[in-house]
Amino acid sequence: MLHYRLYGNPKRPAIVFLHGFLGSGADWRDLVVGLGDRFYCICIDLPGHGRSLSLPETAYSMSGAAALVLQVLHSLSCNESVLYGYSMGGRLALYLALQFPTYWRSLYLESASPGLQQEAERWVRQQRDALLAEALEEDFLTFLTAWYEQPLFASLRSHPAFPAILKRRALNHPSELAKSLRAMGTGKQPSLWAELPDLEIPCHLVVGEWDAKFMAINQMMASLSNKILLFSMSQAGHNVHLENPQAIQNLLWETR
C-alpha cells in the first residue's frame with residue numbers, strides 16, 4: 001500500500017493529488033489547507049518517494065503505480081474522485097484517466113505531457129534517464145543541485161520557499177528515486193498522444209505563464225479534444241501549485 005495524507009472533509013468531493021519526481025504527498029499541504037473543508041484531499045506518496053519505499057519492483061512502473069493508486073481509493077471507499085497530477089504525477093494521472101475512466105469525475109494536469117511520440121525519442125530519453133539514475137545514486141546532493149539548475153526551474157529557484165524544498169528533497173532515498181526514474185521516467189512511458197481524443201472526462205491543463213516548453217506541449221494537447229481546456233497561470237513557472245497556489249485553488253473551486 002502507498003503512504004498517503006488526508007485533508008479536509010470526507011463528506012465532500014474527493015481529490016487525489018499526485019506529486020512530481022523528487023516530491024511527496026507533503027508537497028500539496030499549503031495548497032490543500034487553503035481549500036479548507038470544500039474537498040476531501042488525498043495526497044499520495046508515489047513509489048520510491050516519501051514513505052512509499054521498498055515496494056515490489058513492479059510497483060515502480062507506470063502500470064504498477066497506477067494499480068497502487070487505485071488500491072488506495074478502494075481502501076478509502078472512493079468510487080469517483082477528481083484527479084490532479086503534477087509533472088511525473090501528471091503523466092501518471094493521464095494514464096489513469098485513460099485506462100480507468102470510471103474512477104474519475106475530472107482530470108487536472110499541471111505541467112505534464114502525454115510522453116514522447118517517437119520510439120527513437122523514447123530510447124534516447126531512456127539512456128539519459130539511466131545516466132541520471134547513476135548520477136543520483138553516486139552523489140545525491142550534487143544531483144539535486146544540477147537538477148534544479150535546469151531552466152525549467154528558474155522561477156522556482158527564486159521562490160522564498162526553495163531552500164526549504166531543497167532541504168526536504170535531500171531527505172529522499174537515492175536508490176528508491178533511481179528505481180522510479182528507471183521504471184517510470186518519460187522514456188519508459190508509452191506515448192499517450194494518440195489516445196487524447198478518446199478522453200472520456202473533462203481535462204484541465206494547468207501551465208505557468210513562464211513555462212514556455214510545457215505551454216507549447218499543452219497547446220498541442222488542447223487542440224486534440226474539445227474535452228481538454230488549457231489554463232495559463234500568471235506569476236508561475238513549472239511548479240504552479242507552489243508558486244501560485246491561489247490560482248489553483250480558484251480553478252478547483254470554479255471547475256471541479
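**Starting from one leucine**

Me: Which residues does Leu-31 touch, not counting residues up to four places away in sequence?
Reply: First, a word on the model: it is predicted, so local features need pLDDT of at least 70 and side-chain atom pairs count only at pLDDT 80 or more, while totals for chains, interfaces and linings use all residues. Residues are numbered from 1 along each chain as its sequence is written, and side-chain values use heavy atoms, leaving out hydrogens and water. Contact means heavy atoms within 4.5 Å. With that rule, and with the nearby sequence positions set aside, Leu-31 touches Phe-17, His-241, Pro-245, Ile-248 and Gln-249.

Me: Why does Leu-31 count as buried?
Reply: Buried means under 20% relative accessible area, exposed means over 50%, and partly exposed is in between, using a 1.4 Å probe and protein chains only. Leu-31 counts as buried because its relative accessibility is 1%.

Me: In which helix is Leu-31 found?
Reply: Helices (H or I, at least four residues) and strands (E, at least two) are DSSP runs, numbered from the N terminus. Leu-31 lies within residues 29-34, and that run is helix α1.

**The sheet**

Me: In what order do the seven strands of the open sheet come?
Reply: Two strands pair if DSSP finds at least two bridges between them. The pairing in this open sheet is mixed, and the order is β1-β3-β2-β4-β5-β6-β7.

Me: Which are the edge strands?
Reply: Look for strands that pair on one side only. Those are β1 (4-8) and β7 (228-233).

Me: What angle does helix α2 make with β3?
Reply: Helix α2 (residues 62-75) packs on the sheet, touching β1, β2 (14-18), β3 (40-44), β4 (81-86) and β5. Axes are lines fitted to C-alpha atoms, for helices over the stretch in contact, and angles run from 0 to 180 degrees between N-to-C directions. Between the directions of α2 and β3, the angle is about 145°.

Me: Which strands does helix α11 touch?
Reply: Helix α11 (residues 245-255) also packs on the sheet, and its direction makes about 150° with that of β7. The strands it touches are β2, β4, β5, β6 and β7.

Me: How many of the residues of β3 are buried?
Reply: Tyr-40, Ile-42 and Ile-44 point one way from β3, while Cys-41 and Cys-43 point the other way, and all are buried. β3 is mostly covered, and its buried residues number five of five.

Me: In β3, what is the bridge partner of Phe-17?
Reply: β2 and β3 pair in the parallel sense over five bridges, whereas the five bridges between β1 and β3 join antiparallel strands. The partner of Phe-17 in β3 is Cys-43.

**Core and rings**

Me: Which residues have the most contacts inside the largest nonpolar core?
Reply: A nonpolar core is a set of buried Ala, Val, Leu, Ile, Met, Phe, Trp, Tyr and Cys residues joined through side-chain atoms within 4.5 Å. The largest one has 88 residues, and those with the most contacts inside it are Phe-17, Leu-18, Leu-92 and Leu-107.

Me: How many aromatic pairs are found in the whole structure?
Reply: Rings of Phe, Tyr and Trp (its six-membered ring) pair if their centres lie within 6.5 Å; planes under 30 degrees apart count as stacked, over 60 as edge-to-face and the rest as tilted. The search finds a total of 11.

Me: What is the angle between the planes of Tyr-103 and Trp-104?
Reply: Tyr-103 and Trp-104 are both buried. They form a tilted pair, 6.2 Å centre to centre, with planes at 40°.
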